[in-house]
Amino acid sequence: MMEYKDLFIDFDDTLYDTHGNAIIALRETYEAFHLERFFPDPQFFYDAYWRANIDLWTSYSKGEITRDYLIVERFRRPLSTSNGLDVTEQLCLDMSDKFLDFCSSKSGVVEGAHELMDYLRQRGYRMHMTSNGFHEVQYKKLAACGLRDYFDTIILSEDAGANKPSPQYFDYALSLSGAHRESTLMIGDNLQTDIMGALNSGIDALLFNRWNVDASDCLLTPTFIVTSLKDIKKIL
């Protein structure tokens with residue numbers, strides 16, 4: 001088995017429970033803006049938000065839309081399904097700011113995250129956080145959940161000038177971290193951005209299959225697949 005020295009570790013929804021924390025933050029945002037005046041049921045708003053968010057982040061990872069477009073559009077779409085609300089760009093920006101403040105203050109992590117990072121640090125791996133998330137938000141999340149000190153390097157797409165899965169992102173990550181392609185393993189939950197991105201860049205990849213996706217249809221097979229973070233200890 002390959003002896004890895006460097007680990008590229010995705011942050012959102014691999015270590016940090018982004019989805020779970022965002023569910024709480026979205027409810028807090030809904031209440032802060034008193035959206036009950038415009039929606040018969042908050043679930044209508046939540047469902048519309050998640051549909052928009054998934055679609056927009058997929059487009060953003062492919063470089064098809066800008067960060068600024070994503071920030072406005074992910075709230076414009078669900079708000080546009082309301083009854084009588086005047087959906088302005090400023091309202092969307094204000095909601096985004098409040099939502100991100102709520103999100104970045106949450107400390108929730110995926111089960112086993114701290115235990116895994118303790119284990120990997122004791123094993124002597126160099127660890128590098130990799131993320132397409134926004135610069136100012138990611139550092140707040142890292143502080144909130146207590147994971148910052150585990151990482152030797154923080155590698156964000158805004159600094160790289162490209163998003164995962166672009167080879168440009170992974171080339172930048174190797175350069176910034178000083179890691180070597182052949183002794184680096186990418187760990188992440190997203191089959192396209194994390195796993196296919198790494199494999200297409202000549203980097204081995206471990207899929208944390210948190211969402212029970214079917215990896216058999218992919219052109220490239222993940223080097224490893226686990227369904228819980230604790231199972232990574234059996235590999236590394």
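**Figure 1. Which residues form one aromatic cluster?** The cluster brings together Tyr 30, Phe 39, Phe 45 and Tyr 46, shown here, as in every view below, in a predicted model. Across the whole structure, a search finds 15 aromatic pairs. One of them joins Phe 45 and Tyr 46, with ring centres 6.1 Å apart and planes at 65°. The arrangement of Phe 45 and Tyr 46 is edge-to-face, because planes over 60 degrees apart are classed that way. Both partners are covered: Phe 45 is buried at 0% relative accessibility, and Tyr 46 is buried too, with a relative accessible area of 15%.

**Figure 2. Helix H3 crosses helix H4.** H3 spans residues 67-79 and packs on H4 at an angle of about 110°, the two axes lying 8 Å apart. The pair is therefore roughly perpendicular. From H3, the contact draws on Ile 71, Val 72, Arg 74, Phe 75, Arg 76 and Leu 79. H4 answers with Glu 89, Leu 91, Cys 92, Leu 93, Met 95, Ser 96, Phe 99 and Leu 100. Sorted by class, the residues where H3 meets H4 are ten nonpolar, one polar and three charged.

**Figure 3. Helix H4 also packs against helix H6.** Here H4 (residues 89-104) meets H6 (residues 135-145) at an angle of about 30°, with 8 Å between the axes. H4 and H6 are therefore roughly parallel, since angles under 35 degrees fall in that class. On the H4 side, look for Leu 100, Asp 101 and Ser 104; on the H6 side, for Val 137, Lys 140, Lys 141 and Ala 144. This contact between H4 and H6 counts three nonpolar, one polar and three charged residues.

Figure 4. A search of the whole structure returns zero disulfides. Cys 103 is in no disulfide, and the nearest cysteine sulfur, which belongs to Cys 145, is 13 Å away. Cys 145 is likewise in no disulfide, with the sulfur of Cys 103 as its nearest, 13 Å away. A disulfide would need the two sulfur atoms within 2.5 Å. Cys 103 counts as buried at 8% relative accessibility, and Cys 145 is buried with a relative accessible area of 6%.

**Figure 5. Helix H9 sits largely enclosed by the rest of the structure.** Of the ten residues in H9 (residues 191-200), eight are buried. These are Leu 191, Thr 193, Asp 194, Ile 195, Met 196, Gly 197, Ala 198 and Leu 199. What surrounds them? The buried residues of H9 pack against strands S1 (6-10), S4 (184-188) and S5 (204-208), and against helices H2 (42-61) and H8 (167-177).

**Figure 6. Ala 179 lies in the loop between H8 and S4.** Setting aside neighbours within four places in sequence, Ala 179 is in contact with Asp 6, Phe 8, Arg 126, Leu 174 and Thr 184. For a sense of scale, the C-alpha atoms of Ala 179 and Met 127 are separated by 9.8 Å, while the two residues are 52 residues apart along the chain.

How values were computed:
Residues are numbered from 1 along each chain as its sequence is written. This is a predicted model: local features need pLDDT of at least 70, side-chain atom pairs count only at pLDDT 80 or more; totals for chains, interfaces and linings use all residues. Side-chain values use heavy atoms; hydrogens and water are left out. Buried means under 20% relative accessible area, exposed over 50%, partly exposed in between (1.4 Å probe, protein chains only). Axes are lines fitted to C-alpha atoms, for helices over the stretch in contact, and angles run from 0 to 180 degrees between N-to-C directions. Helices (H or I, at least four residues) and strands (E, at least two) are DSSP runs, numbered from the N terminus. Angles under 35 degrees count as roughly parallel, over 145 as roughly antiparallel, 65 to 115 as roughly perpendicular and the rest as oblique. Contact means heavy atoms within 4.5 Å. Ala, Val, Leu, Ile, Met, Phe, Trp, Tyr, Cys and Pro count as nonpolar, Asp, Glu, Lys and Arg as charged, and the others, Gly among them, as polar. Rings of Phe, Tyr and Trp (its six-membered ring) pair if their centres lie within 6.5 Å; planes under 30 degrees apart count as stacked, over 60 as edge-to-face and the rest as tilted.
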